[in-house]
Amino acid sequence: MKLKDLAAQLGVSQTTVSRALNGYPEVSEETRARVIEAAMRLGYRPNASALRLATGRAGAIGFVLEKSGELHASEFLIGMGQRLAPEEIDIVVSPLESDRDEADVYKRLAASQKVDAMVLHSPMPDDPRIDLLHDLDMPFIVHGRSEGAAPHAWLDIDNEGAFRQATAELLALGHRRIANINGPKGRSYVAHRDAGYREALADFDIASDPELMCYGIFSDEQGFRFANALLDLPDPPTAFLAGSMMTALGIFRAVRSHGLELGRDVSLIAHDDEFPYLNASAMVPAISTTRSSMRKAGIRIAELALEILAGRAPEDVHELWPVELVLRESTAPAPKR
């Protein structure tokens with residue numbers, strides 16, 4: 001099915017069909033709906049090269065992938081792909097090597113015109129990448145937010161509220177030595193989680209103890225090393241907050257290696273992101289979590305990126321999603337000492 005054949009079927013000009021499919025405002029909604037219905041029914045797909053020539057767009061959105069974030073990014077990218085596939089828009093993923101400057105990747109993508117917009121993730125509180133993308137005149141949206149940077153479109157979850165609620169729950173169960181194994185320092189979400197943790201402790205007149213606050217990439221091994229060291233302290237924690245389910249697996253191993261039982265001797269709440277291959281509810285014991293979906297975030301980020309490319313003002317795109325606390329078997333009253 002070619003454009004001229006579709007136009008002949010509808011009894012309209014090829015120009016009308018093209019404008020209807022590409023969202024031009026001068027085409028009536030009735031005509032647009034009729035053209036779209038016929039295109040779907042007859043299996044019409046616009047030629048990608050011709051479409052890019054007509055619109056001046058690359059038909060792709062860019063994403064820079066850090067190696068330390070591959071596991072979490074996979075669910076996010078699946079969500080983006082689910083939303084972009086019906087629009088025949090691709091995702092260009094640029095892996096970031098450890099010795100490579102991320103700014104150079106953005107400059108190269110902008111100069112090559114291979115992408116129409118970028119998705120920036122894991123922002124810093126005052127992120128220079130945001131200013132760079134503004135300077136490059138590259139449309140973008142941030143997964144997270146950067147309070148000190150120039151105005152920008154963003155979608156974030158309420159990390160501060162999530163960790164405040166999780167810490168408050170553990171405090172209500174009588175825990176007073178609560179370890180917070182967080183992500184890498186210098187990221188906005190890490191600072192937000194720290195703030196929520198400290199606020200909950202302050203509500204109980206407890207000062208945060210730097211000895212109980214750890215920072216690093218989300219991995220089983222890192223979680224094990226941190227938890228192992230903390231459980232060796234003269235006054236070890238009776239509860240843990242884990243920044244991810246990967247970290248929680250390491251904490252679980254460390255608890256068992258000390259001859260302790262999770263959900264009895266030590267409590268745990270993890271941030272799980274609803275990974276299908278790490279089901280918190282199916283573990284033994286089932287892990288309490290602050291729950292959010294990376295896949296749903298990817299879907300929504302893609303939708304918002306499309307809206308920005310269609311003309312929505314980026315400074316009007318601000319979404320903060322609440323996070324649900326789900327209590328399971330890994331949380332219990334603090335053990336008596």
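1. A pocket, as the word is used here, is an open set of grid points where a 1.4 Å probe fits, with protein on both sides within 12 Å along at least five of seven lines. With that in hand, please keep in mind that this is a predicted model. Its second largest pocket has a volume of about 610 Å³.

2. Which residues sit closest to the centre of that pocket? They are His72, Ser122, Tyr189, Phe218 and Met294, out of 31 residues in the lining. Two or more lining residues come from each of E1, helix H5 (70-84), E5, helix H9 (188-203) and H12. Sorted by class, the lining of this second largest pocket holds 11 nonpolar, 13 polar and seven charged residues.

3. Six strands make up an open, parallel sheet, and their order is E2-E1-E3-E4-E5-E11. The edges are taken by strand E2 (90-96) and strand E11 (318-321); each has a single partner strand, so one side of each lacks a neighbour in the sheet. On average, neighbouring strands in this sheet are turned by 20° against each other, direction ignored.

4. A closer look at one pair of strands: E4 (residues 140-143) and E5 (residues 154-157) run parallel and are joined by two bridges. Histidine 143 has leucine 155 of E5 opposite.

5. Finally, helix H12 (residues 294-309) is worth a look alongside the sheet. Helix H12 lies across E1 (60-66), E3 (117-121), E4, E5 and E11, and runs at about 160° to E4. H12 is also one of the elements that give two or more residues to the lining of the second largest pocket.

Conventions: Residues are numbered from 1 along each chain as its sequence is written. This is a predicted model: local features need pLDDT of at least 70, side-chain atom pairs count only at pLDDT 80 or more; totals for chains, interfaces and linings use all residues. Side-chain values use heavy atoms; hydrogens and water are left out. Two strands pair if DSSP finds at least two bridges between them. Helices (H or I, at least four residues) and strands (E, at least two) are DSSP runs, numbered from the N terminus. Axes are lines fitted to C-alpha atoms, for helices over the stretch in contact, and angles run from 0 to 180 degrees between N-to-C directions. Contact means heavy atoms within 4.5 Å. On a 1 Å grid over the protein atoms alone, a cavity is a set of points where a 1.4 Å probe fits but cannot get out, and a pocket is an open set with protein on both sides within 12 Å along at least five of seven lines; lining residues have an atom within 4 Å of a point. Grid points are joined across faces, edges and corners, and a volume is the space filled by probe spheres set on the points. Ala, Val, Leu, Ile, Met, Phe, Trp, Tyr, Cys and Pro count as nonpolar, Asp, Glu, Lys and Arg as charged, and the others, Gly among them, as polar.
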